[in-house]
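Biologist: I am new to this structure. Please show it to me, and then let us go through it in short questions.

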Amino acid sequence: MNPTQPQRRTTLSIPSLTAPVAMGYIPLGAVFGFLFVQAGGTSWLALAASLLVYAGAAQFMMIPMLAASVPVSGIVLATLVINLRHVFYGLSLLTSMPASGWQRFYSIFALTDESYSVLTALPAAERPHRMALVCGLNQTWWVLGTALGVMLGSQAQLGITGLDFVLAALFAVLAVEQWRARRDAIPIWIAVAAYAIAQTVYPSQALAIAIALSLIATLLRPAPSTRTTHG
């Protein structure tokens, strides 16, 4: 291959793109469903949460709050604070939203950290056509995992030690996919530095501060130059 010729990006199918997410969402969704039922919640409410709330961290937070009889208003406020970062994700994808009304609204609702990572690894021209499908399939993995966890939780007592590492492993895989798609290490170093600063300054809110610092650094960073090859 002539090194001066631009390489063509291989277009992957939607299932292939979301396979790494499935490997994390199915077991994590199962943990949520299992814990929800074990805490005394009903099976249908666990499935409803995964269909209508669809916010992993917030759903796990719901379990002890529901068990402690926290008012619904308190749960809603906590969920809003936890998912506030999605506002910034959405802003960065405004020009990539689907044109169709229902696809647009669904993509806004179903955009998660993992879906965002998959979408931003795609060429910008492909995102509007694939966003709703990527988000929908990722939510399917989560709901499927929840259903499995509900069935297990209602039938047996099982240990879940070690499954909390699944999410960390999932983000590691997505970071590698981002690197392979963009070959740009600067975002990774920005994230590492931002978290190190946040952990030093305010450990209890390190994640939120690190996200804010990363967004500020990204906005201030000059756009990467696009090299053109002349024949």
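Modeller: A46 is buried, with a relative accessible area of 0%. Buried means under 20% relative accessible area, exposed over 50%, and partly exposed in between (1.4 Å probe, protein chains only). This is a predicted model, where local features need pLDDT of at least 70, side-chain atom pairs count only at pLDDT 80 or more, and totals for chains, interfaces and linings use all residues. Residues are numbered from 1 along each chain as its sequence is written, and side-chain values use heavy atoms, with hydrogens and water left out.

Biologist: In which helix is A46 found?

Modeller: Helices are DSSP runs (H or I, at least four residues), numbered from the N terminus. In space, A46 lies 8.9 Å from Q59, C-alpha to C-alpha, and 13 residues separate them in sequence. The helix that holds A46 is α2.

Biologist: Which residues does A46 touch, leaving out those up to four places away in sequence?

Modeller: Contact means heavy atoms within 4.5 Å. With residues up to four places away in sequence not counted, A46 touches F32, F36, T146 and V150.

Biologist: Is T146 buried or exposed?

Modeller: T146 has its place in helix α8. Not counting residues up to four places away in sequence, T146 touches G29, A30, F32, G33, A46, L47 and S50. Because its relative accessibility is 0%, T146 counts as buried.

Biologist: At what angle do α1 and α2 pack?

Modeller: Two packed helices are described by the angle between their axes and the distance between the axes. Axes are lines fitted to C-alpha atoms, for helices over the stretch in contact, and angles run from 0 to 180 degrees between N-to-C directions. The axes of α1 and α2 are 9 Å apart, and the angle is about 140°.

Biologist: Which residues of α1 and α2 make the contact?

Modeller: By class, this contact of α1 with α2 has six nonpolar, two polar and no charged residues. Ala, Val, Leu, Ile, Met, Phe, Trp, Tyr, Cys and Pro count as nonpolar, Asp, Glu, Lys and Arg as charged, and the others, Gly among them, as polar. From α2 come S43, L45, A46, A49 and S50, and from α1 come F32, F36 and V37.

Biologist: How many charged residues are in the contact of α1 with α8?

Modeller: The axes of α1 and α8 come within 6 Å and cross at roughly 35°. The residues of the contact divide into 21 nonpolar, 10 polar and, as for charged ones, one.

Biologist: Which residue forms a salt bridge with E126?

Modeller: A salt bridge is a side-chain nitrogen of Lys or Arg within 4 Å of a carboxyl oxygen of Asp or Glu. By this rule the count is one salt bridge. Its closest N and O atoms are 3.7 Å apart, and the partner of E126 is R130.

Biologist: Is L133 buried or exposed?

Modeller: L133 is in helix α8. Its C-alpha atom is separated by 8.7 Å from that of S107, 26 residues apart along the chain. Because its relative accessibility is 52%, L133 counts as exposed.

Key. Helices (H or I, at least four residues) and strands (E, at least two) are DSSP runs, numbered from the N terminus.
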